[in-house]
Amino acid sequence: MEKLNFKQRIENVLKSDERLWNSDKTELNQALLLDLLENIDIKIIELLIQEDNLRNKFFVKIKDVYVFKTNDFRFFMEENKVDNNYTSYKNRIGLTDGKRFLKDTNDVVLNWPFKDCVLEGGQSTEEGLDTYFEYSEKSEIYEEKQAKRKEIFFNQVIAHDEIDRLFDPKAFVNWKRYTKEGEQDILEIKRDKNGIIKENMIIKGNNLLALHSLKQQFTGKIKLIYIDPPYNTGGSGDTFVYNNSFKRSSWLTFMRNRLEVAKRLLQDNGVLIAAIDDYEMHSLRFLLDEILGDENRLGTVVVVHNPRGRNDDKYFATMHEYLLVYAKNKDLVQLKNFEFTAEDLKQFNKEDDISTYSETPYTRTGNNSNKHERPNLFYSIYYDPKTSNLSLKPSANSVEILPINAEGDEKTWRWGKETFEQKKDTELLVKIVKGDYKVFKKRRPSDIGGRKPRTVWSDSRYDASSNGIMLLRSILGKNVFSYPKSLYAVMDFIKILSDKNDRILDFFAGSSTTAHAVLELNKEDGGNRKFIMIEQIDYINTVTSPRIQKVIKKENINDTFIYFEMAKWNETAKEKIIECENLNELIIYFDDMYERYFLNYNLKIKEFKEKVIKEEKFRELTLDEQKNIFVAMLDNNQMYVNKTEMSDKKFGISESDKKLTCEFYDCEV
């Protein structure tokens, strides 16, 4: 039985209330319905609460009592007066706070068009372009052309059923395991002692849908998410090409949809890092403030990734990009220090029997350094110039020293009395400064534990040309990817924000710098971190996966990764097109595919169906040429097979793929 949407469910259960319908029960009097509910009509509420799905959506259970959410119901019914596509809904899209239309409130909010939507975001190429064929009178052939993809926006309330189906877990196919010996069949999916998948993974498919497919296994299990999302610059560096007049709104919606589910995957002490440039830096920061909370912003790091400057910039030559760093819960995050470099160690220019050290005043400065703020840290220290002894008690030859600065302000010491007694003989010393005795603390490398990460990273190791482009070329033998990140920039972020057994996720995998960085860091510190990479563009099979295969083999790494793809329905369609024996069979099959999948989202395909295949010039093409054109149309379909439907023979999913999909989700076949 076809699954009913919520509007249909509401109408079905209310059929028995004759007050709400016209004589033949074809038209619901919505105004009367809402008016009756405003006055707590018991009969209508009893009808609604009897249906499980409606009860779950429009009622909240408080102890043993169900309370009807009147405003939510009214909002849903108001929105369902229109269709769920952008064209019909454009005058109201983005004008809600999730519960009410803004016109009905006096609130002031920050918002944008499409904010209350899900952007399908089904890029089939890096440029976000669709392929179509158009007849040329000049060349007298059908020429292949491209146009920006027309994206689909589902409103989160009125397209509830479409979004539920979109986010259902997907089936996976084409499973492979790669080791330093090469490609192998997958016999099992490895899990840790808690039953959670403990594999390196590269997944091909729409990253929004892939993230939702990861929820069951990895909610609260990812320590670090590093992403380099498509930039929305409008210039030569633009990697977000979408065909609508609200490009920034589309980009924000695209990012919001993904960041919301990414947050769910993070551990409580997890961190998300997003790379971005000037053009969308402030928009993305605002978005992350909203999703993860401005109180969880750890900082913004500027990475000088192009020290020569970008020469094709019109004004200033760009040298840097931003890394926005957010915690799921700031109070639980531990940020590690970098190891000291040889240059850093030069500051420790003195030495005793214990180690090298530098000197720093024992008097506290900065926040909470005044006597009235920390009175227990204000006390007298007695110094004997003859013996160099320090004590809390005066002696015949001792001099009293207090934490008073040059301006005469009463400050505090760095340690309390107990710690002072424990460390005074080895860690403190006294010097005469401008005629006064001053206490100094020895600052040792081991006390600091390394160099605190700074907000500007300008080391040559972060140069994306030498350690990104050139490094990738040395691995794959040619330039095959635009704007790869410096391996060491990503590696250093993982180093300071993860532990040796953590999971690292990158759902804009690109050239797989993040996966390479995980393997390189594991080799350096003996860790067993695991990566999860998601990429939907076809270069996953020419760049993303081959890079990691070659790194594992070249570096003789005793680790593996599994590769698999979200099952696409149109793969079966391509096979059926190839099997067709004449144009009539092609047309009949394409009609079926058009009705099932393309709907009216792509006007070029609609034109192809209604016009092109009827033209004489098209009918004069060879059958193979006609098939190629049909296949090109179907290549733009980004619909995937849901796990719950993968046993349907029409999808052609093999028994081994079904078995591994179920093993991935830890369920029965």
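Biologist: How far is the sulfur of Cys-662 from the closest cysteine sulfur?
Modeller: The closest cysteine sulfur is in Cys-667, at 3.7 Å, which is too far for a bond, since a disulfide is counted here as a pair of cysteine sulfur atoms within 2.5 Å. By this rule the count comes to zero disulfides. Please keep in mind that this is a predicted model, in which local features need pLDDT of at least 70 and side-chain atom pairs count only at pLDDT 80 or more, while totals for chains, interfaces and linings use all residues. Residues are numbered from 1 along each chain as its sequence is written, and side-chain values use heavy atoms, with hydrogens and water left out.

Biologist: And is Cys-662 buried or exposed?
Modeller: Cys-662 is buried, with a relative accessible area of 4%, whereas Cys-667 is partly exposed at 30%. Buried stands for under 20% relative accessible area, exposed for over 50%, and partly exposed for what lies in between, computed with a 1.4 Å probe on protein chains only.

Biologist: What about the helix around it, how many residues of H23 are buried?
Modeller: Eight of the eleven residues of helix H23, which spans 655-665, are buried, including Asp-657, Lys-658, Glu-663 and Phe-664 as well as Cys-662. Helices (H or I, at least four residues) and strands (E, at least two) are DSSP runs, numbered from the N terminus.

Biologist: What do those buried residues pack against?
Modeller: They pack against strand E7 (172-179), strand E9 (200-204), helix H8 (207-218) and strand E24 (561-566), where contact means heavy atoms within 4.5 Å. Just after H23, Asp-666 takes a positive phi of about 55°.

Biologist: Switching to the hydrophobic side, which residues touch the most other members of the largest nonpolar core?
Modeller: That core has 101 residues, and those touching the most other members are Leu-214, Phe-218, Leu-284, Phe-493, Leu-505 and Phe-664. A nonpolar core here is a set of buried Ala, Val, Leu, Ile, Met, Phe, Trp, Tyr and Cys residues joined through side-chain atoms within 4.5 Å. Apart from it lies another core, of 22 residues, with Leu-20, Leu-28, Leu-34 and Phe-76 among them.

Biologist: Which residues does Leu-505 touch?
Modeller: Not counting residues up to four places away in sequence, the contacts of Leu-505 include Leu-211, Leu-214, Ile-222, Tyr-226, Leu-265 and Ile-534.

Biologist: Now the charges: how many salt bridges are there?
Modeller: A search of the whole structure finds 34, each being a side-chain nitrogen of Lys or Arg within 4 Å of a carboxyl oxygen of Asp or Glu. One of them joins Asp-228 to Lys-485, with the closest N and O atoms 3.4 Å apart. Asp-228 sits in the loop between strand E10 (222-227) and helix H9 (247-265), and Lys-485 in the loop between helix H14 (465-476) and helix H15 (487-497), so the pair ties together parts that are 257 residues apart in sequence.

Biologist: Are those two buried or exposed?
Modeller: Asp-228 is partly exposed, with a relative accessible area of 22%, and Lys-485 is buried, at 13%.

Biologist: Which partner does Arg-444 have?
Modeller: Arg-444 forms a salt bridge with Asp-352, the closest N and O atoms being 2.7 Å apart. This pair links distant parts of the chain, 92 residues apart, with Arg-444 in the loop between strand E20 (436-443) and helix H13 (445-448) and Asp-352 in the loop between strand E14 (350-351) and strand E15 (356-361). Arg-444 counts as buried, at 3% relative accessibility. Elsewhere, salt bridges that share partners join Lys-223, Lys-336, Asp-499 and Asp-502 into one network.

Biologist: One more topic, backbone angles. What is the phi of Ile-40, and where does the residue lie?
Modeller: Ile-40 has a positive phi of about 55° although it is not a glycine, and lies in the loop between helix H2 (30-38) and helix H3 (42-49). At 54% relative accessibility, Ile-40 counts as exposed. Asn-368, which is not a glycine either, also has a positive phi of about 55°; Asn-368 is found in the loop between E15 and strand E16 (381-384) and is partly exposed, at 43% relative accessibility.
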